[in-house]
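Please read them with the structure open.

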Amino acid sequence: IRWLWRNRFSIGKVSMMTGDPGLGKSQVSLMLAAKVSTGGAWPNHEGSAPVGNVLILCCEDDVSDTVGPRLVAAGANMERIYIAEAMREGEGKERMFNMAADIEQLDKLMTNATDEGDPIKLIIIDPISAYMGDVNTDKQSEVRAVLGPYKALAEKHGVAIVAVAHPPKNVPSGKAVNAIGGSGAFVGAARAVWIF
């Protein structure tokens, strides 16, 4: 296993963070971005992050007054941070990134970045449910059909993908495996799921 942060987030895999609002999931994801953008030291003397570019998909927090200031406060190298707010489509049309429809464009972007000697090392998706398009997130087969190619993309490009997810309103049977809302395929596709 190649580690972004040893024993927590691995390179070439999909990891997830889940928990109720306000517990720090997005804050931790931006700390990860800051560390990767600078090759900064992880907490508790657990080594340093590999230096690389970071792609952030976020739609719940405003970039100018929340995401950007949090990254700056965390010490990020903003020249290595790319925040995708929308996809351009046709003349002046924009839409949200769609994980199912836009994986080829993401693959090309990552290939170009690597070819230019400036690879993307971390992709943050916050929250993953916002980028699933028309996929029924309660259907295991539909979720697997989207997340499977992202596992392959992570392996191909040597990138860590970290997704933020929301928990269900009620956690059935109190098991951690049920800690992400929607299909169990979210947990099944992830190398690690961190519960806040």
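1. The exposed residues Asp65, Val72 and Ala73 sit on the face of H2 that is turned away from the buried side of this helix. The model is a predicted one, and the points below should be read accordingly.

2. Which residues of H2 are buried? They are Val63, Thr66, Val67, Gly68 and Leu71. Viewed down the helix axis, the buried residues of H2 fall within an arc of 165°, so they line one face of the helix.

3. The cover over the buried residues of H2 includes H1, strand E4 (53-58) and strand E5 (81-84).

4. Helix H1 spans residues 25-38 and helix H2 spans residues 63-73. The two pack with their axes 9 Å apart and at an angle of about 50°. The crossing in which H1 passes H2 is right-handed.

5. On the H1 side, the contact is made by Ser26, Gln27, Leu30 and Ala33, and on the H2 side by Val67, Arg70 and Leu71. By class, the residues of this contact between H1 and H2 are four nonpolar, two polar and one charged. Val67 and Leu71, which take part in the contact, are also among the buried residues of H2.

6. Just after H2, the backbone at Gly75 has a positive phi of about 85°.

Technical notes: Residues numbered from 1 in each chain as written. Predicted model: local features only at pLDDT ≥ 70, side-chain atom pairs only at ≥ 80, totals over all residues. Heavy atoms only, no water. Axes fitted to C-alpha atoms, helices over the stretch in contact; angles between N-to-C directions. Helix = DSSP H or I, 4+ residues; strand = E, 2+ residues; numbered from the N terminus. Left-handed = near helix turned anticlockwise from the far one by under 90°. Contact = heavy atoms within 4.5 Å. Nonpolar A, V, L, I, M, F, W, Y, C, P; charged D, E, K, R; others polar. Buried < 20%, exposed > 50% of the residue type's maximum accessible area, 1.4 Å probe, protein only. Arc of directions from axis to C-beta.
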